[in-house]
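Work through the exercises below with the model open. Try each task before reading its solution.

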Amino acid sequence: MEILMKANVGGRSLEIQTGKIAKQASGSVVVKYGETVVLVAVVSADKAKEGLDFLPLTVEYQEKIYSAGKIPGNYFRREIGRPSEKETLTCRMIDRPVRPLFPKGYTFETQIIATVLSMDRANDADMLALVGASAALEISDIPFEGPIAAVRIGRIDGQLIINPIISQYDQCDINIVVAGTKTGVVMVEGGSSFVSETDMLEAIFFGHNALQPLIELQEQMKKSVGKPKRTMTVPTDEEIRKYDVIKAKVESIAAQQIHDAMTIADKMERQNALRVVKTEVRSKLESENFGFSDDNDECYASNIDTALKELIKQTSRALVLNEGRRIDGRRFDEVRKIACEVGLLPRPHGSALFTRGETQVLGVLTLGTGRDEQRIETLNGDENRSFMLHYNFPPYCVGEVRRLGGPGRRDIGHGNLATRAIEKVLPGKDEFDYTIRLVSEVFESNGSSSMGTVCSGIMALMDGGVPIKTPVSGIAMGMVKEGDQVVILTDILGDEDHTGDMDFKVAGSQDGITALQMDIKIHELSKDILAQALEQARVGRLHILQKMQGALTTSRETISDYAPKVEAIRINPDKIRDIIGPGGKIIRILQSETNTHIEVDDSGLVKISAMSSEDRDAAVKRVNEITAEPEIGKIYDGKVVKIMDFGAFVQIMPGTDGLCHISQLAQRRITRVTDVVKEGDNLKVKVLEISRDGKIRLSHKAVLEEKHGRNNK
């Protein structure tokens, strides 16, 4: 059945249509906002995957270049297989709020594919894809505890805006994506320009209120065309009894041992202790088998593993809720020990090592010129990025052995979060005309290496002499919630993240928030809980910032000797041709003779870069000489280029000639120009006048008078 429904979002109509396109999918919708159109289709396999203890969900978001009326600019002239950074980040943004809303134990392989079909360059497609994913799941036969919806919230001149258009992004001091259900928030992602916790909380729940029409629309659509939800296989009474017996036995054998192991502060020692406990429990129970493992040994072993995992999670949460302590013995609001070191590496242009507990991140800075900017093709047009941050998470940082490949979705997501946190404090091009690349090398990880990336990156920038506006730090918050009992945890460990209910990362300076990202494993969060988490994060963030400033308080006054030396000068655009020369001859000679790279744009901005200050200064001098404008009253070392009966034409600078009349060649009267000069002679001349049409009147006589006195013959 074809149906079209509309909702007013931010003063504009958002349409969701189903029953017309992709009808063989389990559920599909077309979402339209302005002239941006996104198709979202969801499919779930007919059979469950046996032996899985997780949801086999994949999310894909693809931007078709034709949607913006363009042909791809790559060699193949088609969309290439590897997703762009924007596509990867949008996949994550859809996955994170949707995944917790599938029922526990749902192991049917499920796929969500969102495709941008039309792009108006005003309304971003990512929000439509997230809304479409929820709507497609709602009307499908796939079990889903939604609906959810999302909006982007911006703030311009103190006014909160729903779904600002793309051209307004640069004007926003708040730009966040808020996803939620009818009664609470499930995800927040975005950045801001030093915004207070109070203002951020207001923006989040302004967004939650704004997305309600989209929740109602999906509820109406489900009521009209929704398919009956498929029935999940429910364990039989006998299977439940068997599992309960195994679980009780696991608890009787291992409860105290797991409790003791979970209170070991060192991560690797704790994991080794848990590994020993698991091995002993499996060995003991598999030898006893209770007389009901003969028919399915694999299922029996799986039940033991499930019971062990559940017991570990329960123990970790009970430590917090019942015993009032954490795995490593810290207070709930306590940050782990911090160590900061700068200037570790001699050749890179800046470096810093940030260690917080068992998380250790090296930040490495490289400075480049305009040639090093990253050029990206997007649906909104081509972009040049002068700041890049790349995050690397090798397997050894968590004590694992696995294939070392390129960056995955997690790496790109963490790098993007750190980018948003840092870019707000970078200097403008007019102050620091460099391309900046930061690389984050995670050496150890036990909780929030993305926030460690923010801290090490900021210190590397300062170590490299980049004049940042103010230092920024970041922290990850967690939560354990059972009923009305809620505990917010500052600076969470990896195990606390794994067994807890929230991962809330906040970065910012003393003046406010620059980036945040929140994900939860429960259905929603209230305003009071978010307010408490933001305030606790602020205190922890400032504590970390103080430790960072103990290593380096401000940016170094000079950049590294090994960094390129860049200077920008502005010239008269009419002089550009003098620098370039015929066929680029002059600029090639300049670059070769001064060992520099020179870029000239149509506005007259000339950027000169070199590996040494001497080469750069030599090129600047040459360019200034070529492009200098003659000044009335100034004396020049000229060269006679042409002799006429009435005077001599003298070149006072490359491409600029003036006339020195015969009466201005000497302090005495002469009858022939050649009595004083001939072609090729060097001649000092003074500029007497520059006419409106650019003609220059010169005088050698005035130079002689200044040198020897008016009456000296």
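**Exercise 1.** Find which residues form a nonpolar patch on the surface together with Ile80. Then decide whether Ile80 is buried or exposed.

*Solution.* This is a predicted model.
- Step 1: the patch consists of Tyr75, Phe76 and Ile80.
- Step 2: locate Ile80. The residue lies in the loop between β5 (57-63) and α1 (85-98).
- Step 3: apply the cut-off. Exposed means over 50% relative accessible area. Ile80 has 53% relative accessibility, so it counts as exposed.

**Exercise 2.** Write down the strand order of the open sheet with 8 strands. Explain why one side of β8 and of β19 is left without a neighbour in the sheet.

*Solution.* 
- Step 1: the order reads β8-β7-β9-β10-β21-β20-β18-β19, with antiparallel pairing.
- Step 2: look at the edges. β8 (159-162) and β19 (485-490) each have a single partner strand, so one side of each lacks a neighbour in the sheet.
- Step 3: From one strand to the next, it averages 20 degrees.
- Step 4: check one pair. β7 (residues 149-156) and β8 run antiparallel, over 4 bridges. Ile156 has Gln159 of β8 as its bridge partner.

**Exercise 3.** Which strands do helices α4 and α9 touch as they pack on the sheet?

*Solution.* 
- Step 1: α4 (residues 212-225) touches β7 and β9 (174-180). Its direction makes about 165 degrees with that of β7.
- Step 2: α9 (residues 449-463) touches β18 (473-482) and β20 (502-509). The angle between the directions of α9 and β18 is about 160 degrees.

How values were computed: Residues are numbered from 1 along each chain as its sequence is written. This is a predicted model: local features need pLDDT of at least 70, side-chain atom pairs count only at pLDDT 80 or more; totals for chains, interfaces and linings use all residues. Side-chain values use heavy atoms; hydrogens and water are left out. Two strands pair if DSSP finds at least two bridges between them. Helices (H or I, at least four residues) and strands (E, at least two) are DSSP runs, numbered from the N terminus. Axes are lines fitted to C-alpha atoms, for helices over the stretch in contact, and angles run from 0 to 180 degrees between N-to-C directions. Contact means heavy atoms within 4.5 Å. Patches are made of residues with over 30% relative accessible area and no salt bridge: like charges are joined within 9 Å, nonpolar side chains (Val, Leu, Ile, Met, Phe, Trp, Tyr) within 5 Å. Accessible areas come from the Shrake-Rupley method with a 1.4 Å probe; for residues, only the protein chains shown count as cover. A salt bridge is a side-chain nitrogen of Lys or Arg within 4 Å of a carboxyl oxygen of Asp or Glu. Buried means under 20% relative accessible area, exposed over 50%, partly exposed in between (1.4 Å probe, protein chains only).
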